Every structure is written in C-alpha cells, then in structure tokens.
Amino acid sequence: MGLSCPSQRYNLPMRNRRLLAIVCPLLIFVVPLSAPSTAPRHVQVQTLKVTVLSTMLADQGIGEWGFAALVESDGHRILVDTGARPETVLSNLHDLNLDLSDVKEVILTHNHDDHVGGLLTLRREFMKKNPDALSVAHVGKGIFYSRPENDGKEGNPMPAIRKDYESAGGHFIEHDQPVEVFPGAWLTGPVPRTYPERNWSVKGKVKTP
C-alpha cells in the first residue's frame, strides 16, 4: 500500500532530496492529466515536505535497515511507517528537534519488521503529551493474516502489535481500496499481483481466510 500526493511544488530540504530514491517506492507523486469537465475535480496539494526518520543512509542520527518518514502537506502531518528497532525513530526525532504529539495518523505500508518496529514506542511516548497522538493507523487489508514459519512460529509481527497498540488506545483502519486520507493525498490500498512472483525465496506462506 502506498501514498499518492499529486503536487505542484515539492518543498524538500536538500538532505531529503538525496534520499528521494528511498521515498519514491512508497510515495508516488503524480500530476494528474486534464480531465473532461464532467469528471469530478479533486484537490491538488500545493506543498509537500518529507523528512526521513529511518533509513540505512543516514547523514546524522541512527541509521538502520528500515523506513519511516514524516509527510507534511498543506498543514497536514502524517507518519509513514515507523522504522525497524523500537527506539530508532524516537531517537532521531529528538536529534532533529521534532515532535509528533500533534500527529494523529500513521500509515503502515506493509507488515515487515523494518516498517512497523517503532509503532508501539512512538504511540506510548507521544500519548503522554496528547492522548490522540499516533492513535489511528491506516493499514491494507490482509496485514494481520498469519504468516506461519516452518518451525511453527508466527512470522508476522502485526497480530502481536495489534493487541498491544489497541491496548494503548490505538485504532487500526483497514483499507481494501483507494481512499483519500486528507485532501489531495490518497492511499492506493492493496496492489493486486497480476503476475506470479518469481524473485523470492519460496519459503514464505500466508494463511488467508
């Protein structure tokens, strides 16, 4: 699941521009083509700033194999993914003098550990200042499906995270189709797999309903 922000101007600091290659698989910037007058008109965002908070290419702070970014657009702030280790994003936020207590929503693009590892730490930290901080998590349908490993262990961290996040007052919203999260910014919803996947280890399993 990805976030699409059609925009006329990208307000990206130079340091973040260098990391745009990492952001692009997740954030798809599309300038819409002209449409017939009968088509519904959608809002187009005017400003966009992306601050990368977890990446293996770090000029300062803690680097890791993971991803997290604060997306700011036209007065809206939303967190996309939460990094790998529980404390990485929180530590980097302190170094950057950034506060997420006024950010209510999180987008988790998928279930892998390196994108969801900091969710509980961030929710518990910033809810001390604002009970609504990071209290809503947008996820794609199927993110909680069991992924059993050969040794019988659960390979998906999201069922356990769901229990603890909801115990901390958080709420998940599952999406099975595109949805506008704020004016001009859309979630793609789950992306259908048209062709069989060939570049993988053939070890992974998903237990669907």
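This is a predicted model: local features need pLDDT of at least 70, side-chain atom pairs count only at pLDDT 80 or more; totals for chains, interfaces and linings use all residues.
Buried here means under 20% relative accessible area, exposed means over 50%, and partly exposed is in between, with a 1.4 Å probe and protein chains only. Residues are numbered from 1 along each chain as its sequence is written, and side-chain values use heavy atoms, with hydrogens and water left out.

**The chain as a whole**

- The secondary structure comes to six helices and 10 strands; helices (H or I, at least four residues) and strands (E, at least two) are DSSP runs, numbered from the N terminus.
- Among contacts between residues at least 6 apart in sequence, 70% join residues at least 24 apart, where contact means heavy atoms within 4.5 Å.
- The accessible surface comes to about 11,900 Å², and 54% of that belongs to carbon and sulfur atoms; such areas come from the Shrake-Rupley method with a 1.4 Å probe, and for residues only the protein chains shown count as cover.

**Helix 3 and helix 5**

- Helix 3 (residues 88-95) has T88, V89, L90, N92 and L93 as its buried residues.
- Those buried residues of helix 3 pack against strand 3, strand 4 and helix 5 (119-126).
- Helix 5 is mostly covered, with six of its eight residues buried: L119, L120, T121, L122, R123 and F126.
- The partners packed against by the buried residues of helix 5 are strand 5, helix 3, strand 6 (105-107), helix 4, helix 6 and strand 8.

**Salt bridges**

- A search of the whole structure finds seven salt bridges, each being a side-chain nitrogen of Lys or Arg within 4 Å of a carboxyl oxygen of Asp or Glu.
- One of them joins R85 and E64, whose closest N and O atoms are 3.3 Å apart. This pair links distant parts of the chain, 21 residues apart: R85 is in the loop between strand 5 (76-80) and helix 3, and E64 is in the loop between strand 3 and strand 4.
- E64 is buried, with a relative accessible area of 6%, while R85 counts as partly exposed at 42%.
- Another salt bridge pairs E72 with R77, with the closest N and O atoms 3.2 Å apart. E72 is partly exposed at 21% relative accessible area, and R77 is partly exposed with a value of 21%.
- E72 and R77 also belong, with D102, to a network of salt bridges.
- R162 and E174 meet through their side chains in a salt bridge of 4.0 Å, N to O. Because R162 lies in helix 6 (residues 158-167) and E174 in strand 8 (residues 171-175), the pair ties together parts that are 12 residues apart in sequence.
- R162 counts as partly exposed at 30% relative accessibility, and E174 is partly exposed at 38%.

**D114, a buried charge**

- D114 sits in helix 4 (residues 113-116). This residue is buried yet has no salt bridge, and the nearest side chain of opposite charge, R85, is 11 Å away; for charge, Lys and Arg count as positive and Asp and Glu as negative, with His and the chain ends not counted.
- The side chains of D114 and W65 are joined by a polar contact of 3.2 Å. A polar contact is a pair of N or O atoms within 3.5 Å; within protein, one must be able to donate a hydrogen and the other to accept it, and residues adjacent in sequence count only if both atoms are side-chain atoms.
- Leaving out residues up to four places away in sequence, D114 touches W65, G66, F67, G83 and A84.

**Positive phi values**

- Most residues other than glycine have a negative phi.
- D74, which is not a glycine, has a positive phi of about 50 degrees. D74 lies in the loop between strand 4 and strand 5 and is partly exposed, with a relative accessible area of 34%.
- N97 is found in the loop between helix 3 and strand 6 and counts as exposed at 72% relative accessibility.
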